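Welcome! Have the structure open as you read.

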Amino acid sequence: MASLAASPTHASAASTSEQTGLWSWLTTVDHKRIGMLYLYTALFYLLVGGLEALVLRTQLAKPNMGLISAETYNQVFTMHGTTMIFLVVMPLSAAFFNYLIPLQIGARDVAFPRLNAFSYWVYALGGLFITLPIFFGVAPNGGWFGYAPLSGPTYGGGFNMDFWVLGLQILGISSLAAAFNFITTIINLRAPGMTLMRMPMFTWMSFVVQFMVVLAFPVVTAALFFLQFDRFFGTHFYEVAAGGDPLLWQHLFWVFGHPEVYILILPAFGLVSEVLPTHSRKPLFGYNVMAYSGIMIGFLGFGVWAHHMFAVGMGPVADSIFSVATMLIGIPTGVKIFNWIATMYGGSLRFPVSMKFAIGLVAMFTIGGISGVMHASPPSDLQQTDTYFVVAHFHYVLYGGAMLGIFAGLYHYFPKITGRFMSERLGEWHFWLNFIGLNLTFFPMHFSGMLGMPRRIYTYDAGQGWDLFNLMSTSGTYMLLIAGLIFAYNFFTSRRNGALASNDPWGAPTLEWSIPSPPPEYNFAQIPEVTSRYPMWDLKAPDRMAGIKHTHADAAVIAEAHAVPVHEETERRTAQELGIPMPFPTIKPFMVALGIVILFSGLIVMHAGNFPLAMATMLGGAAFMVGSLYAWLTSPLE
Amino acid sequence: MSTAATAGAHEAHEHTHYTTTGLHHRKIAMWAFIGSECMLFGSLITTYLVYKGRSVAGPFPHEAWTSPDGKAFPAILDIPVTSASTFVLLMSSLFMVLALAAVENKGKPGYEGRLGSSKFWLAATAAAGATFLGFQAFEFTSFVHHGLTIKTNLFGSSFFTLTGFHGAHVAVGVLWLMTMLFIDIKRGLGPKDALNVDIMALYWHFVDVVWIAIFTLVYLIK
C-alpha cells in the first residue's frame with residue numbers, strides 16, 4: 001500500500017473550502033455534500049433495519065419463543081422490509097449517484113442542484129414519517145408489499161398502514177425528482193468527448209435505473225392513491241363486496257415492485273464494474289455488452305411482474321408468458337456475471353477489501369440468481385411461494401448482491417470522498433465476518449423453506465425439522481451485527497485517522513480519479529476533454545489501452561490529445577479564485593419538502609377524527625409548500 | 001501556472017452554460033416528467049377500463065338503472081356537455097401555440113396588436129382552462145345530484161379518481177399560466193423567456209392529449 005500513499009500536502013488543504021454547521025447542511029446544494037447526507041442517513045437506517053432483523057431472528061431462534069407478540073412481529077417485519085428497501089438500499093445507491101455521477105462525467109454539479117437538495121429532504125422527512133410510529137406501537141404491519149385487502153380499511157383499520165401508504169407516497173416523490181435530475185444530468189452534462197459508450201459503467205447502470213424509476217414509480221403512486229382513497233375517502237378500489245379486485249393491487253404493485261428490484265441491484269452492478277477492472281488492471285471485458293445487458297435488464301424488468309403472483313392462479317397462458325420472460329431476464333444477468341469473470345481472467349489481480357466485496361457480489365448474487373430462475377417455473381414456484389426459500393433467494397440478491405456491491409463501492413470510493421483510506425485490516429474482518437455471516441444466516445433458509453416453513457410467522461412448534469436451521473440463521477445474524485459494528489468503527493475512525501490517499505490511490509481508469517481527494521467544491525477546475533473510455537489509463541497505463549477506441553486513430557495524436565486536457569489536478573484553489581460561479585445555498589428545497597410532509601400528515605389527523613384540524617393542517621401544508629416553491633423558483637440559482 | 005489559471009477561469013465561465021446536447025436542462029427534465037405522467041395516467045385509465053362494468057350497483061355511465069328499492073337513476077355521462085368542454089380544452093392548446101409564438105417573435109412584424117400579444121393569448125389559454133374546470137365542476141355537481149359520488153360504486157370511485165386527477169393537472173396548468181401572465185404584465189415576456197413558456201406549453205399540451213384519451217375511452221366508448 002505504501003506506493004499508494006500521498007504526499008500530505010493534499011489532505012492539509014483538503015478542508016479549506018469545507019463549510020460546517022447545521023445550517024450549512026440544511027441549505028447545501030453541493031451534490032457531494034448531498035451525497036454525504038444520503039450516505040449518513042442511509043447508514044443510520046441500515047442500523048435501524050439491522051436491529052429490526054436482529055429482533056426478528058432472536059424471536060425465531062428457538063421454537064415458541066416469547067420475545068415479542070405476533071402484532072409486534074408484524075410491525076417489525078414490515079418495517080424491516082420497508083426500511084431496507086426504501087430507506088437503506090435505494091438511498092445508498094442515491095448517495096453514489098449524487099457523489100459519483102457528476103465526477104464520472106466531468107461535470108461541476110448535477111443539472112438541478114436545488115431539486116437535488118429537495119429530493120434528499122423529502123427522503124429524510126419521509127423516512128422519519130414512516131419510521132417514528134414504531135415508538136408508539138402503530139408502525140405499519142401489513143408487509144412491505146402492503147397487499148390489499150389487508151392494507152385496506154376493513155382489515156387494516158388502525159393508523160399503522162396509514163403511515164405506510166402516505167410514507168411511500170412521500171418517498172416516491174423523492175425518487176422521481178432525483179430521477180428527472182439524473183436523467184438530465186447524464187444526458188446533458190457529459191464533458192466534451194464523453195459519448196454514451198465512453199461513460200463509466202456505474203454511470204451507465206445509474207442511467208438505466210433512473211428510467212426505471214421514472215416508469216415504475218408512477219404505477220405504485222396510482223396504486224397507493226387508490227389505497228389511500230379506499231382508506232380515507234370511502235372508495236371501493238380493492239373491496240370485493242363492491243366488485244373491486246385485490247388482484248388489481250398485486251398487479252399494480254408488482255409492475256412497480258419487480259423493476260424496483262433491478263433499481264436496487266443495478267447500481268451495485270455498476271459499482272463492481274468499476275472495482276473489478278481497476279483491481280484486475282484490465283479494461284472491463286465486453287463493455288458494450290455490459291451496457292446493453294443493463295438496458296436489456298431494465299427493459300425486461302417491466303415484463304416479469306406476475307411471477308410474483310403465480311400462486312393466485314392466473315391460468316396457464318399468463319403463467320407461461322411470465323415464466324418465459326423471467327427466464328429470459330437470466331440471460332443479460334448471466335452475461336454480466338461471465339463478463340466480470342472474464343474481466344478478472346488474465347488480469348494482474350490485487351485484492352484490497354473492495355475487490356473482495358466485488359468478487360463476493362459475483363459469487364453470492366449468482367446463488368440468488370439461480371434460485372431466482374427456479375422461481376421462474378410455476379410448478380416449482382408453487383412449492384416455494386411464501387416459504388423461507390423465497391426469503392433465502394431475495395436476501396442472496398439483496399444482501400449478497402446489492403449490499404456487498406455497495407460495500408465494495410464504499411471501500412473503493414472512501415479515499416476519494418474523504419482523502420483517507422479505510423483500515424484494510426478491519427476491512428478484512430468486516431468482509432470475512434460478513435461473508436460467513438450472510439451464508440450462515442441465509443443459506444439454511446433454503447432448507448427451512450424447502451421443509452415448509454412459511455414466511456412471516458412469528459413463532460413455530462418444535463419437531464418440524466426447522467429448529468437447527470433457524471438457530472443457524474439467528475447465529476449468522478449476530479455475526480452480521482458484529483461485522484456491521486466493525487464497519488461502523490472503521491468508517492468513522494478512518495475519516496479522521498486513516499492513511500492519506502492521493503488523487504488516484506487505486507490506479508483507476510475514470511475521470512473522478514483525476515481530481516483531488518476529497519474533490520474541491522467545483523470538482524473540475526477545467527472541464528476535461530475526453531478522448532477515450534479510460535482517460536486516466538491513457539495518461540498512466542497506455543499499455544492497457546490496446547483495442548480501446550479513441551477519438552483519433554493515430555497513436556501519436558492520442559498521446560498528445562489525451563495527455564493535455566485530462567491532467568491530474570493537484571492544486572486546490574477556491575471557486576472564487578478560479579471564477580467558477582457556484583449555486584447559492586438555500587433553505588427553500590427543505591421548506592417545500594416540509595410542506596409536503598405536513599400536507600400528508602393532515603390525513604393522519606383526519607383518520608384521528610378531527611376534521612377541522614385535518615383541513616387546517618392540509619391547507620397549511622399546501623400553502624407552505626406552494627409559497628416556498630414560488631420563493632424557490634423566483635430566486636436565482638447562482 | 002498563472003496564465004493557465006486565467007485561461008481556466010475564462011473557460012470555466014464559458015462552460016457554465018455548456019450542455020452536451022445543446023438542449024436546455026429543463027426541457028429534458030420536462031420530457032422525463034411527462035414520461036412518468038404517462039405511466040400515472042396509464043395506470044389510472046387502465047384501472048377505469050378494467051373495472052368497467054364491474055360495479056355491483058348503479059348508477060352506471062351509459063345506461064339508466066333502477067335500484068332494488070325502485071328509485072330510477074339516469075345514465076350518468078352527458079356526452080354533448082362534455083364534448084363542449086372538450087372543444088374548449090382543445091382550443092386552449094391552439095391559444096397556447098399562439099402565446100408561445102407571440103413570446104418568441106415579440107416585436108417582429110406580424111406580431112402587433114391584440115392578436116400578436118402574448119398577454120392576450122396567455123389570458124385566453126388560462127380562461128379556456130378555467131372554463132374546462134368550470135364544466136368539470138358543473139359535471140361533478142350534477143353527477144352527485146344524480147346519485148353518484150366517489151363512494152357510491154366502483155364506477156364512481158374509478159371515474160372521479162381518473163377525471164379528478166386530470167382536473168387537478170389542469171388546475172396546476174391554469175395556475176402556471178396565470179403566473180406567467182402576471183410576469184408578462186409586470187415586465188413583459190420576450191424571446192429570452194421563450195424556453196419557460198415552451199416548457200409550460202409542453203405540459204399544457206400533454207394534459208390536453210391525456211384528456212383526448214380519457215374522453216374517448218371513458219365517454220365515447222360504451
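How many residues does helix α2 of chain B have, and how far does it reach from its first C-alpha to its last? Helix α2(B), residues 25-51, has 27 residues and reaches 39 Å, close to the 39 Å expected at 1.5 Å a residue. Please keep in mind that this is a predicted model.

**After the helix**
- Following α2(B) comes Gly53(B), with a positive phi near 80°.

**Confidence in chain A**
- Chain A has a mean pLDDT of 92, and 94% of its residues reach 70 or more.
- Residues 1-17 of chain A, however, have a pLDDT below 50, and this stretch has 21 contacts in the model beyond near neighbours in sequence.
- Where pLDDT is low, the predicted coordinates should not be read in detail.

**Cis peptide bonds**
- In chain A, the bond from Ala148(A) to Pro149(A) is cis, with omega near 0°; Pro149(A) sits in the loop between α5 (113-131) and α6 (160-188).
- In chain B, the bond from Gly58(B) to Pro59(B) is cis, with omega near -5°; Pro59(B) lies in the loop between α2 and β1 (65-66).

**Positive phi without glycine**
- Most residues other than glycine have a negative phi.
- Asp386(A), not a glycine, has a positive phi of about 60° and belongs to the loop between α12 (378-384) and α13 (388-418) of chain A.
- Because Asp386(A) has 14 C-beta neighbours inside 10 Å, it counts as partly exposed.
- Arg456(A), not a glycine, has a positive phi of about 65° and is found in the loop between α14 (424-450) and α15 (467-497) of chain A.
- Arg456(A) counts as partly exposed because it has 13 C-beta neighbours inside 10 Å.

Technical notes. Residues numbered from 1 in each chain as written. Chains lettered and ligands numbered in written order. Predicted model: local features only at pLDDT ≥ 70, side-chain atom pairs only at ≥ 80, totals over all residues. Helix = DSSP H or I, 4+ residues; strand = E, 2+ residues; numbered from the N terminus. Expected span 1.5 Å × (residues − 1). pLDDT = per-residue confidence, 0-100. Contact = placed C-beta atoms within 7 Å. Buried ≥ 20, exposed ≤ 12 C-beta atoms within 10 Å, placed from the backbone.
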